[in-house]
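Please read the following report with the sequence and the model side by side, and look up each residue as it is mentioned.

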Amino acid sequence: MAEHDDEIMLALAHSISVTYSVLVDVCQALPVPITIPTDRHIPASQAVPAIQRVAALAKDQPMGEDQEAQLFTGCIHLLAAIDLYALCAARYEETRAEGVGANLLHADGALTRLQVWLLTNGTD
């Protein structure tokens with residue numbers, strides 16, 4: 001991989017980590033909190049099953065359909081970003097890197113909207 005590609009991969013890895021951190025915060029604020037690993041450096045082998053579990057539990061949360069969809073959408077886009085990142089790490093392709101970024105934008109948007117809703121509406 002070229003130096004520029006390495007920089008892009010580092011930035012994408014950081015962005016995945018930031019999005020995962022948003023998911024952790026959202027999960028703690030849910031009406032029925034969901035605990036997922038919160039170590040500083042969580043390997044994909046632990047993060048992926050945790051994210052999959054949150055996606056599966058989204059429909060069981062006592063909140064509106066829009067909010068359930070935001071949680072599910074955030075999870076599946078984060079999972080897609082992680083999958084594309086792994087492919088990109090194995091063989092860098094600019095379109096894959098762009099796909100990681102696009103999926104993270106969708107995940108961040110959905111999770112941020114849900115986080116605002118949770119903070120505004122409380123979970124009491």
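## A glutamine and its contacts

Once neighbours within four places in sequence are left aside, Q67 is in contact with L114 and W117. The model in which these contacts are found is a predicted one. Q67 itself lies in helix α3, which covers residues 65–90, and Q67 counts as buried because its relative accessible area is 11%, while the cut-off for buried is under 20%.

Q67 is one of several buried residues in α3, and the others are Q70, L71, G74, C75, L78, L79, A81, I82 and C88. These buried residues of α3 pack against α1, which runs over residues 3–29, against α2, and against α4, which runs over residues 94–121.

Helix α2 covers residues 44–57, and A47 is found in it. Is A47 buried or exposed? A47 is buried, because its relative accessible area is 6% and a residue counts as buried when this value is under 20%.

Leaving aside neighbours within four places in sequence, A47 is in contact with Y20 and I42. A further pair to look up is A47 and V22, which stand 25 residues apart along the chain and whose C-alpha atoms are separated by 13 Å.

## The whole chain

Taken as a whole, the protein has four helices and zero strands, and reading along the sequence gives the pattern α-α-α-α. Among contacts between residues at least 6 apart in sequence, 67% join residues that are at least 24 apart.

The C-alpha trace spans about 50 × 25 × 20 Å along its principal axes. For 124 residues, a compact globule would have a radius of gyration near 14 Å, and the value for this protein is 15 Å, which agrees.

## Surface and charge

Of the 124 residues of the protein, 37% count as buried. The accessible surface comes to about 7100 Å², and 56% of this surface belongs to carbon and sulfur atoms. As for charge, the protein has 6 positive and 16 negative side chains, and the centres of these two sets lie 6 Å apart.

Technical notes
Residues are numbered from 1 along each chain as its sequence is written. This is a predicted model: local features need pLDDT of at least 70, side-chain atom pairs count only at pLDDT 80 or more; totals for chains, interfaces and linings use all residues. Side-chain values use heavy atoms; hydrogens and water are left out. Helices (H or I, at least four residues) and strands (E, at least two) are DSSP runs, numbered from the N terminus. The radius of gyration is taken over C-alpha atoms; the globule rule is 2.2 Å times the number of residues to the power 0.38. Buried means under 20% relative accessible area, exposed over 50%, partly exposed in between (1.4 Å probe, protein chains only). Contact means heavy atoms within 4.5 Å. Accessible areas come from the Shrake-Rupley method with a 1.4 Å probe; for residues, only the protein chains shown count as cover. Lys and Arg count as positive and Asp and Glu as negative; His and the chain ends are not counted. The place of a charge is taken as NZ of Lys, CZ of Arg, CG of Asp or CD of Glu.
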